[in-house]
Amino acid sequence: MTKWYRDNAPITADRLADELMRLKRGSVTRRHFLGVTGLGLATAVLARQPGLFNSTAFAEELGTQMSIATWPNYHDPATFEAFTAATGVAVEVNVFGSNEEMLAKLQAGGTGWDLFVPTNYTISTYVKLGLIDELDMAKLPKYDASTENPRFTNEGIVDGKTYAVPKNWGTTGIAVNSSKIKTPVASWKDFFEVAMTEADGRTMVHDYQLTTIGNALVSLGFSFNSVKPEELAKAEELLIKVKPHLYAINSDYQPAMRATDAWMTMCWTNDGAQLNRDMPEIKFVLGKDGGEIWSDFYAIPNSAANKAAGYALLNYLMAPENAVKEHIANGAPTTDSRVMKLLPAEVTSNKIVYPDEAALTPLEFGAAVTLTDPGRAELMARFKAA
Amino acid sequence: MRAAMNTKRNLVTAALVAPAAAWLTVFLVLPFIAMLVFAFGERAPEGGYQVAFTFAQFANLPTRAAAFWNTLLLAPTGALLCLIVAYPVAYYLAVKANPRYRLILVSLVVVPFWTSLLVRTYAWMYILGSRGIPNLLSMIGIEDVRMLNTPGAVLLGIVYGYLPLMIMPIYVSLERLDRRLLEASADLGAKPVSTFFGVTLPLSLPGVMTGVALVTILLLGEYLIPQLLGGGKVFFIGNALVDLFLQSRNWPFGSAIAVTLVAVVVVVLMVAMRIAWRVAGTRQVDLV
């Protein structure tokens with residue numbers, strides 16, 4: 001709700017005011033104003049609310065509304081607008097901070113999502129709990145398994161059945177504002193040391209058990225996915241020692257990094273690329289001692305109210321010409337060689353997005369056990385309460 | 001004849017009570033029963049609830065002691081700070097303000113409620129963030145002040161958010177104050193200060209108690225302000241509940257904490273009411 005509102009605001013307050021003044025001065029047309037501010041779209045969405053205004057529903061088989069659950073700063077808003085323009089289906093976007101939260105909502109039921117974006121390590125659990133169905137590949141003609149990198153697609157396939165198809169892959173590294181922090185940060189060990197010294201009061205960790213506990217484990221020389229009580233105890237000791245020095249425990253770190261309230265944070269590839277694009281002094285580094293490599297997937301909840309629209313949007317997003325815009329906007333690397341060919345050279349040569357293979361070697365994919373392990377959940381609660 | 005009238009009266013009563021009763025049954029009583037059942041159950045291996053009968057969840061309560069303690073400390077502190085700020089405002093509005101402008105001034109107290117607390121709390125994030133007040137301070141040479149994501153920011157947000165809830169009951173009790181009592185006190189030679197402490201303050205105590213109870217109870221369940229202004233580092237029982245349901249999906253333990261919290265609220269409320277009644281009762285006897 002809270003982040004949803006902020007992340008989905010089609011326009012910032014400042015820009016809205018600017019555009020309004022431009023409209024009043026007559027330097028832009030009303031049409032431009034409605035377009036850039038999203039007010040036109042908002043009106044269009046409202047107009048389609050059944051019962052609110054009695055418009056005849058067109059594109060009946062797809063309905064007029066669908067809903068997607070995804071991550072902050074993860075899509076090009078123009079993608080959804082174009083989809084709406086093409087199909088008449090308005091897309092409601094819900095943003096989440098962790099896979100655990102998405103799973104919790106689906107377990108509780110009644111989400112109304114027609115499409116969502118789970119991370120690799122959660123898919124086997126969704127299948128086990130019967131929360132997602134096998135995808136009907138006949139409805140996804142734009143998806144081509146042969147052009148996908150199997151390293152990133154295999155966790156979407158459970159017992160030979162495809163339950164999810166990849167959106168993009170990425171890593172969890174460290175974003176450092178190099179104009180504020182002079183100590184070199186090259187590993188998770190460095191991250192926690194600098195957090196207590198030069199970046200005291202200026203460091204953020206995720207509000208997310210997988211990465212916060214995982215990276216603490218890595219800094220101590222253990223596996224990112226460990227659930228061994230004695231290793232978790234050491235990680236807890238470190239996290240509780242670091243906590244008084246932290247700026248915040250929050251997975252939405254872009255606003256604080258951009259305002260330079262925070263100088264260093266745990267950071268996903270796509271956010272690292274976006275931050276570095278707008279503020280070159282913010283560097284993105286991968287821990288040489290390890291960390292996470294991941295891929296995010298699209299899946300359709302079996303409780304989806306409008307599966308037809310879910311498939312339609314998924315198929316739309318799988319088309320390389322649409323996917324390429326998503327990748328340029330969001331900054332995460334693609335799993336699809338067809339998209340790779342369409343990406344501009346400045347994206348494919350960006351070492352944040354496509355690091356050297358050697359930098360990826362120490363990284364680990366998250367393991368399914370971390371999602372449901374009560375030990376990690378309780379550790380996170382003790383860390384936050386400390 | 002008489003029986004018919006009674007029946008009619010009963011029907012009217014039933015009709016008046018029915019909507020609220022139905023609402024409370026569906027949205028309060030039934031969920032509370034579900035929560036009680038969950039609290040004695042077990043977390044399923046993948047999260048959620050599975051049927052069991054165990055006291056394990058309640059035995060596990062000490063692991064959230066820090067969150068309970070933070071909440072039990074914050075709620076009265078926040079209420080007290082609200083009171084300190086609210087009383088002079090309410091006093092001015094009820095006693096000193098020009099009656100012609102009183103209505104306008106009172107509505108100004110309520111105006112912030114026209115905007116959602118969420119939006120107003122976000123505004124504080126920017127005011128307290130380094131581009132806000134700390135930036136202004138650095139212009140006059142006070143460098144590196146951190147305000148956002150501190151316990152102080154949480155308290156500020158709380159006082160800001162709950163202030164109108166404290167002002168209004170105090171204002172109402174002061175407005176009802178019989179001015180002749182103040183004149184009598186002055187006639188009998190009391191100085192304004194002793195009139196205030198001997199007459200005004202005691203007579204406004206029921207309003208003070210109502211305000212304190214109202215703010216304290218709401219604060220016991222506060223989640224949003226610590227999350228936004230405390231940077232997720234200031235952890236209250238409301239935050240513990242959110243994490244248990246939305247992160248670790250431990251419904252039974254979350255239910256046990258929620259049930260305990262409700263019990264704590266009931267106890268706090270009863271104690272507060274008792275004190276309020278006693279104070280109000282004795283004062284009235286004294287004065288009459």
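## Contact between chains A and B

In this predicted model, the contact draws 30 residues from chain A and 28 residues from chain B. On the side of chain A that touches chain B, two or more residues each come from α6 (99–108), α7 (123–128), β8 (246–249) and α20 (374–385) of chain A. The largest share of that side belongs to α20(A), with seven residues.

By residue class, the side of chain A that touches chain B comprises 14 nonpolar, eight polar and eight charged residues.

## Make-up of chain A

Chain A contains 20 helices and twelve strands. Among its 386 residues, 46% count as buried. Of the contacts in chain A with a separation of 6 or more, 77% join residues 24 or more positions apart.

## Helices α3 and α9 of chain B

Within chain B, the axes of helix α3 (residues 65–96) and helix α9 (residues 192–220) come within 9 Å and cross at roughly 140°. The two helices, α3(B) and α9(B), are therefore oblique to each other. Their crossing is right-handed.

On α3(B), the contact is made by Thr71(B), Leu74(B), Ala75(B), Pro76(B), Gly78(B), Ala79(B), Cys82(B), Leu83(B) and Ala86(B). From α9(B), the contributing residues are Val208(B), Gly211(B), Val212(B), Val215(B), Thr216(B), Leu219(B) and Leu220(B). Taken together, the residues of this contact between α3(B) and α9(B) are twelve nonpolar and four polar, with no charged residue.

Notes:
Residues are numbered from 1 along each chain as its sequence is written. Chains are lettered from A and ligands numbered from 1 in the order in which they are written. This is a predicted model: local features need pLDDT of at least 70, side-chain atom pairs count only at pLDDT 80 or more; totals for chains, interfaces and linings use all residues. Axes are lines fitted to C-alpha atoms, for helices over the stretch in contact, and angles run from 0 to 180 degrees between N-to-C directions. Helices (H or I, at least four residues) and strands (E, at least two) are DSSP runs, numbered from the N terminus. Angles under 35 degrees count as roughly parallel, over 145 as roughly antiparallel, 65 to 115 as roughly perpendicular and the rest as oblique. A crossing is left-handed if the near helix is turned anticlockwise from the far one by less than a right angle, and right-handed if clockwise. Two residues are in contact if their C-beta atoms, placed from the backbone, lie within 7 Å. Ala, Val, Leu, Ile, Met, Phe, Trp, Tyr, Cys and Pro count as nonpolar, Asp, Glu, Lys and Arg as charged, and the others, Gly among them, as polar. A residue is buried if 20 or more other C-beta atoms lie within 10 Å of its own, exposed if 12 or fewer, and partly exposed in between; C-beta atoms are placed from the backbone.
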